[in-house]
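This briefing goes through a single protein chain, from its overall build down to individual residues. Please read it with the sequence and the structure side by side.

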Amino acid sequence: TMSGGEVYVVGDGYYAIDASVTFVAGAAGIATVTLLKDGAVIPGASASLTVADATTYTINIPRSAIRQKCCGESTITAVISGVIGTISEATILVEKE
């Protein structure tokens with residue numbers, strides 16, 4: 001389920017995750033989007049892009065890069081770092097394998 005920019009995963013097992021994050025850069029530099037599970041970085045779940053100030057970008061993190069084991073209940077979130085930015089849309093697809 002998704003609520004307020006977070007995806008809640010309920011149930012044990014392995015999950016394939018992919019994400020697409022659209023944001024407006026607030027400064028020039030290298031923007032990195034990273035997925036977190038329960039506040040910790042998911043290995044392989046990040047992508048970076050060189051950006052210009054006040055421009056809209058979309059960063060995709062492909063499912064082939066992410067296979068995550070979840071136990072009980074977990075929360076998946078997307079964060080941006082490297083530059084100031086405002087996420088306008090985040091699509092996170094989580095499918096149980």
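Of the 97 residues in the protein chain, 37% are buried. The model is predicted. Its accessible surface comes to about 5,100 Å², and carbon and sulfur atoms account for 54% of that area.

**Overall build**

- Along the principal axes, the C-alpha atoms fill a box of roughly 40 × 25 × 20 Å.

**Charge**

- The side chains include 5 positive and 9 negative ones.
- The centres of the positive set and the negative set lie 11 Å apart.

**Nonpolar core**

- The largest nonpolar core has 25 residues.
- Phe 23, Leu 35 and Ile 92 have the most contacts inside this core.
- Two or more core residues come from each of β2 (6-10), β3 (13-25), β4 (29-37), β5 (40-51), β6 (56-61) and β8.
- β3 gives the most to the core, with six residues.
- Beyond its neighbours within four places in sequence, Phe 23 is in contact with Ala 31, Val 51, Thr 55, Thr 56, Tyr 57, Ile 59, Ile 80, Thr 86, Ile 87 and Ser 88.

- Thr 75 is part of strand β8, which covers residues 73-81.
- Thr 75 has a relative accessible area of 18% and therefore counts as buried, the cut-off being under 20%.
- Apart from neighbours within four places in sequence, Thr 75 contacts Glu 6, Val 7, Tyr 8, Leu 36, Lys 37 and Asp 38.
- Thr 91 is part of strand β9, which covers residues 85-96.
- Thr 91 has a relative accessible area of 43% and is partly exposed.
- With residues up to four places away in sequence not counted, Thr 91 touches Asp 18, Ala 19 and Ser 20.
- Thr 91 and Asp 18 are 73 residues apart along the chain, and their C-alpha atoms are separated by 8.3 Å.

**Positive phi in two loops**

- Asp 38 is not a glycine, although its phi is positive, at about 55°.
- Asp 38 sits in the loop between β4 and β5, and is one of the residues that Thr 75 contacts.
- With a relative accessible area of 46%, Asp 38 is partly exposed.
- Ala 54 also has a positive phi, of about 60°, although Ala 54 is not a glycine.
- The loop between β5 and β6 holds Ala 54.
- At 62% relative accessibility, Ala 54 counts as exposed, because that class begins over 50%.

Methods: Residues are numbered from 1 along each chain as its sequence is written. This is a predicted model: local features need pLDDT of at least 70, side-chain atom pairs count only at pLDDT 80 or more; totals for chains, interfaces and linings use all residues. Side-chain values use heavy atoms; hydrogens and water are left out. Helices (H or I, at least four residues) and strands (E, at least two) are DSSP runs, numbered from the N terminus. Buried means under 20% relative accessible area, exposed over 50%, partly exposed in between (1.4 Å probe, protein chains only). Contact means heavy atoms within 4.5 Å. A nonpolar core is a set of buried Ala, Val, Leu, Ile, Met, Phe, Trp, Tyr and Cys residues joined through side-chain atoms within 4.5 Å. Accessible areas come from the Shrake-Rupley method with a 1.4 Å probe; for residues, only the protein chains shown count as cover. Lys and Arg count as positive and Asp and Glu as negative; His and the chain ends are not counted. The place of a charge is taken as NZ of Lys, CZ of Arg, CG of Asp or CD of Glu.
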